[in-house]
Amino acid sequence: MQSPVRVLVVDDSAFARKVLRQVLSAARGVQVLDTARDGLDALEKISELRPDVITLDLMMPHLDGLGVLKALATLPSPPRVVVVSTAEEDSELAVCALQAGAVELVHKPTALATERLYEMGEELVAKVLTAASAHVRPGVAEQPVVKARVQPVPRPTNKLVVVGTSTGGPAALGRLLAALPGDFPVPLALALHIPAGYTDALARRLDKQSALEVLEAAEGVELKPGRAVLAQAGMHLSLTRRDGSAWAKLSREPAGTPHHPSVDVLFQSAVAGWGQDVVGVVLTGMGDDGLAGARAIHAAGGRVLTESPESCVVYGMPRVVVEAGLSHASAPLESMAALLARSVR
């Protein structure tokens, strides 16, 4: 019988600690070891109890969530971190946390709707279980990014790059985009599974970290060389071709997909307009979103790249593409920008 996932709940709100503990304790396969009221209390209990996963509030007295993550980065085998965040107050902090080593993010209702804490239970449990199996490499966020060299590409080029990711995606996107030059000759469209309310802050942070221009998707935004457009959480991003350019289209349809945005929807829309000129990249993530899209790219004669297991936080989305025989090449995240640069020539 598999051992339960051992969890420490960290939050400065006594009510939130109580509810999170109740929700997790009721879940099969989860054992709540204790709770902590702030970052300093959390570090003491992490040292004592050695949990597999901690749920982490970000805005706390004495030592905040980012301070906890910074301290955990010095440990040889830190617990996995699920951020429990309020988007209205700390979306930028949450994005920083995801790039500093947190594995997952759950949106916490504001203090005015504390009874809704119970409603997020299913999502919280699922993400705690996902986090428990995640592969975390301490200190990676502090490692320097190696810039990819891009050989001159005859303009205009018709190629288009589409990227899909999930768990571990904010950090992966940060490192990938930072390794690409500002004059990258092909537009990029990005789809990430993340709760609504965080993609604007993430796009702004990616823009600061990268020589590329990075924008959150909006209806009618043009995709052009040197620009990366990040799908808006809660909406599908599809691409249309007009006058030789790519344009963003946002929609909640199809409504039946497990994720909004869907990697499959993005990839398939790219194939519809660009066919064999599409380069699809599947990065770290749980599940199989992107498999159908990769199959469409492969069938059209495009190129599919996958992140290799050694750098994935969760080797799920890339794995299913590889196992289906659809990946033309795999690389660890540190080499993905160079591989991508070669693929658009």
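Which domains does the domain assignment of the protein give? Please take the place where they touch from there.

Author: Happy to! This is a predicted model, so local features need pLDDT of at least 70 and side-chain atom pairs count only at pLDDT 80 or more, while totals for chains, interfaces and linings use all residues. Residues are numbered from 1 along each chain as its sequence is written, and side-chain values use heavy atoms, with hydrogens and water left out.

The assignment gives domain 1 (5-133) and domain 2 (160-344), with bounds from an automatic or database domain assignment. Taken over C-alpha atoms, their centres are 28 Å apart. Domain 1 brings 18 residues to the contact and domain 2 brings 19, where contact means heavy atoms within 4.5 Å. About 1400 Å² is buried between domain 1 and domain 2, with 63% of that area from carbon and sulfur atoms; buried area is the accessible area (1.4 Å probe) that two parts lose on being put together, summed over both.

The rule finds 1 salt bridge across this interface, a salt bridge being a side-chain nitrogen of Lys or Arg within 4 Å of a carboxyl oxygen of Asp or Glu. Arg204 and Glu92 form a salt bridge, with their closest N and O atoms 2.7 Å apart. On the side of domain 1 that touches domain 2, α4 (87-99), β5 (104-107) and α5 (121-132) each supply at least two residues. The largest share of that side, 8 residues, comes from α4. Helices (H or I, at least four residues) and strands (E, at least two) are DSSP runs, numbered from the N terminus.

By the same rule, the count comes to 11 salt bridges. Arg21, Asp34, Arg37, Asp41 and Lys45 are linked in a network of them. Within it, Asp34 pairs with Arg21, the closest N and O atoms being 4.0 Å apart. Asp34 lies in strand β2 (residues 30-36) and Arg21 in helix α1 (residues 14-25), so this pair ties together parts 13 residues apart in sequence. Asp34 is partly exposed at 24% relative accessible area, and Arg21 is also partly exposed, at 33%; buried means under 20%, exposed over 50%, and partly exposed in between (1.4 Å probe, protein chains only).

Asp41 and Lys45 meet in a salt bridge at 3.6 Å, N to O. Both lie in helix α2 (residues 39-49), 4 residues apart, about one turn of the helix. Asp41 is buried at 9% relative accessibility, and Lys45 is buried at 18%.
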